[in-house]
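Kindly keep the sequence and the model open while reading the numbered points.

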Amino acid sequence: MPIEGSTINVNRADSTELETPPSSLPVEFISTEDKSRKPQQGIALCLSGGGYRAMLFHLGALIRLNELKQLPNLTRVSSVSGGSITAGLLGLKWTKLNFENGIATRLLEEVVDPIRKLAAKTIDVLSALVGIVTGGAASRVAHEYRNYLFGNATLQDLPEQPRFVINATNVQSKALWRFSRPYMWDWRVGKVEKPTIELATAVAASSAFPPVLSPLELRLDPREFVPNTGAGLQREPFTSDVVLTDGGVYDNLGLETAWKEYSTIWVSDGGGMYAPEEHPHRDWLRHTVRVFDLVDNQVRTLRKRQLIDSFASGLRTGAYWSLWQDIAEYKVDAPLPCPADKTQKLAQTPTRLEGLDGELQERLINWGYAICDASMRAYGGMNSRKPPTGFPYPGVGVG
């Protein structure tokens, strides 16, 4: 039986969380955390990495969650990489979405249309070339994000509720670097309260795909860190010259800051999967890249399996949907027509910040919409809801 989508809702009062070996959990607890603390009641939405492909796939999921009147119920939105582009704009525009009876009436104008405009623009090639010459590839990406989506907005322009957490990976500490409105924090380096980092910079750090768009460097004042909030590394240069890379290097599902905190987890996974190669490259550079891709793929697969197991065992409730799934797995009433051969082709869209034509954009959005609907009706507590009447973009379907 496929593990994707196999979640079970149970009574949290009988949780056996303390008896679960840490090695079987989808996240890693750190030494400063209380492992016996039970999660709060609340819903966390996690948006994975995956470049423009994931960015658009997540838009489809947001459109369906909006129709289901679930956006106002979110307590946290945790994101990495391509998912952070979508999450960052959703957070910035949250107060302008005009919620009426649980539905954001301006989601299309404020979030979907601007992201689609960005998705038509290739920004990784020039950024990579800038990086070769000056080492500032990620800064160039931040410049593009600033122009197309965020302007000069900072983390303080995000809403208080829900909390948006944009995740990057700290190359120096090997830990997660969290950007949010209340603070940015690396558990080893320390915490900066009420940071004024630009939103474009935070999203660029989260989506600094290695090696071509990585790293993004932050120059900070060590005096801004709250005393004694880091474990062993709260000192220069860790607090003055921070070197960040893609959040997906640490956790491509964005689970870390969500799973530990909340009882219900919804995961939208637009991440890539590496296909078999009949004739892999033998030269050391390309062969090494292929080997690293395989290691990365195995780590991501293990995290997904552990997440589903945490649902099945009752540690958390929730739903998971993926770009690579077959919608027939969900066995819901009247799923939208999504032939597996068509959706598999969409899933093979490269993990890049490369401009996509309008039809491909719409198909990716449609696919995220359809698979989110199936997962939410099967496992997300929406089984009584009527099936959607059609795709957001009915003229193109999924291919």
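1. On a 1 Å grid over the protein atoms alone, a cavity is a set of points where a 1.4 Å probe fits but cannot get out, and lining residues have an atom within 4 Å of a point. The largest cavity is lined by Tyr-52, Arg-53, Thr-349, Pro-350, Arg-352, Glu-354 and Leu-356. Its volume is about 30 Å³, a volume being the space filled by probe spheres set on the points, which are joined across faces, edges and corners. One cavity of 30 Å³ or more is found in the whole structure.

2. The model is predicted: local features need pLDDT of at least 70 and side-chain atom pairs pLDDT 80 or more, whereas totals for chains, interfaces and linings use all residues. Residues are numbered from 1 along each chain as its sequence is written, and side-chain values use heavy atoms, with hydrogens and water left out.

3. The second largest pocket holds about 390 Å³ of space; a pocket is an open set of points with protein on both sides within 12 Å along at least five of seven lines. Its lining has 19 residues, of which Glu-33, Arg-37, Arg-178, Trp-185 and Glu-261 are the closest to the centre. By class, five lining residues are nonpolar, three polar and eleven charged. Here Ala, Val, Leu, Ile, Met, Phe, Trp, Tyr, Cys and Pro count as nonpolar, Asp, Glu, Lys and Arg as charged, and the others, Gly among them, as polar.

4. Helix α11 (residues 358-379) has 22 residues and reaches 32 Å from its first C-alpha to its last, close to the 32 Å expected at 1.5 Å a residue. The expected span is 1.5 Å times one less than the number of residues. Helices (H or I, at least four residues) and strands (E, at least two) are DSSP runs, numbered from the N terminus. Because 16 of its 22 residues are buried, α11 is largely enclosed by the rest of the structure. Buried means under 20% relative accessible area, exposed over 50%, and partly exposed in between (1.4 Å probe, protein chains only).

5. Thr-169 lies in strand β5 and, at 6% relative accessibility, counts as buried. Its side chain reaches the backbone oxygen of Asp-246 at 2.8 Å. A polar atom of the Thr-169 side chain also lies 3.3 Å from the backbone nitrogen of Tyr-250.

Note on methods
A polar contact is a pair of N or O atoms within 3.5 Å; within protein, one must be able to donate a hydrogen and the other to accept it, and residues adjacent in sequence count only if both atoms are side-chain atoms.
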